[in-house]
Amino acid sequence: MYVSIWIGFFLYCLLIFITAFGISKPHILAPSWATYTSVSSFFGTFGGAILGISVCGAILSGINGFFIVTSKMLESLSIHHYLPQSLMKKNRFGVSYPIVCIVGFLSCLMVIFGRQSLLYIVDMACVGIIVGFLYVSSIAFLFKKRHLGYFSLSSFLSVILSIVFLLLEFLPFSPAALKLPSIIALVIWSGIGGIILYVLRQKM
């Protein structure tokens, strides 16, 4: 796992360097795909084709990862009685197929709202991912310090990086700052989640 993470890190950095050195700043800010333009200038049509195949692979693996993570999360909510137990029905492969069908249906439904709406949702989801990473890193750091009796530098750095990236999502001068529609969607989604959690806890 660690090797794959470092390989992914290296490839992302390589793409950034190729994009940055291949074209000028005005071209980077242009609506066209800057990375493809730069790769094509260095490696020609063949390089562009390889990049296209790589992007398709990244998209497919991202969709696969999204389905796995979302299905497991909803399955966990069902196990702890936050969602109906009927969602736990499994097929012969051990997969909770009602959950997969619901996730697939909602994902297809979101396409109706257009590409810009999807970008707002992706931006909003980044905050959730960072918060989740911060949560796990904090637990790992505190557990190692209190129960194992040592200071974990990697867990501490994970906490710091999570906080930094979270600030980048909200500081107005940051290039990665959330747009107003994403912030509104984040507030509404967090409010709905809080209300549902409160109601379900009252029933338990």
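Mentor: Let us begin with charge pairs. A salt bridge is a side-chain nitrogen of Lys or Arg within 4 Å of a carboxyl oxygen of Asp or Glu. Before the case itself, note that this is a predicted model, in which local features need pLDDT of at least 70 and side-chain atom pairs count only at pLDDT 80 or more, while totals for chains, interfaces and linings use all residues. Residues are numbered from 1 along each chain as its sequence is written, and side-chain values use heavy atoms, with hydrogens and water left out.

Trainee: How many salt bridges does the structure hold?

Mentor: Side chains of opposite charge can pair when their charged atoms come close. The structure holds one salt bridge. Lys90 forms this bridge with Glu75, and the closest N and O atoms are 3.0 Å apart. The pair links distant parts of the chain, 15 residues apart: Glu75 lies in helix α3, and Lys90 in the loop between α3 (34-79) and α4 (97-110). Helices here are DSSP runs (H or I, at least four residues), numbered from the N terminus.

Trainee: Is Glu75 buried or exposed?

Mentor: The terms rest on relative accessible area: buried means under 20%, exposed over 50%, and partly exposed in between (1.4 Å probe, protein chains only). Glu75 counts as buried because its relative accessibility is 13%.

Trainee: Which residues of α5 are buried?

Mentor: An α-helix has 3.6 residues a turn, so residues three or four places apart point the same way. In α5, the buried residues are Met124, Val127, Ile130, Leu134, Ser137 and Phe141. The cover over these buried residues includes α6 and α7.

Trainee: What distance does α5 reach from its first C-alpha to its last?

Mentor: The expected span of a helix is 1.5 Å times one less than its number of residues. With 32 residues, α5 reaches 46 Å, close to the 46 Å expected.

Trainee: Which residues are in contact with Glu169, leaving aside its neighbours within four places in sequence?

Mentor: Contact means heavy atoms within 4.5 Å. Glu169 is found in helix α6 and counts as buried, at 11% relative accessibility. Apart from neighbours within four places in sequence, its contacts are Asp123, Cys126, Val127, Ile130, Ala176, Ala177 and Leu178. For one of them, Val127, the C-alpha atom is separated from that of Glu169 by 7.2 Å, although the two residues are 42 residues apart along the chain.

Trainee: And which residues does Ser155 contact, on the same terms?

Mentor: Ser155 is also found in helix α6, and its relative accessibility of 6% makes it buried. Leaving aside neighbours within four places in sequence, Ser155 is in contact with Ser137, Ala140, Phe141 and Lys144. By contrast, Ser155 and Ala176, 21 residues apart in sequence, are 24 Å apart in space, C-alpha to C-alpha.

Trainee: Where is Ser182, and what does it touch?

Mentor: Ser182 has its place in helix α7 (residues 180-203). With a relative accessible area of 0%, Ser182 is buried. Not counting residues up to four places away in sequence, it touches Tyr120, Asp123 and Met124.

Trainee: How many aromatic pairs are there?

Mentor: A pair of aromatic rings is described by the distance of the centres and the angle of the planes. Rings of Phe, Tyr and Trp (its six-membered ring) pair if their centres lie within 6.5 Å; planes under 30 degrees apart count as stacked, over 60 as edge-to-face and the rest as tilted. The structure holds six aromatic pairs. Among them, Phe66 and Phe67 have ring centres 5.9 Å apart and planes at 85°, so this pair is edge-to-face. Phe151 and Phe156 form a tilted pair, 5.4 Å centre to centre with 45° between the planes. Phe141, Phe151 and Phe156 form one aromatic cluster.

Trainee: Where is Phe151, and is it buried or partly exposed?

Mentor: Phe151 lies in the loop between α5 (115-146) and α6 (153-170). At 48% relative accessibility, Phe151 counts as partly exposed. Phe156 is partly exposed as well, at 33%.

Key:
Helix = DSSP H or I, 4+ residues; strand = E, 2+ residues; numbered from the N terminus.
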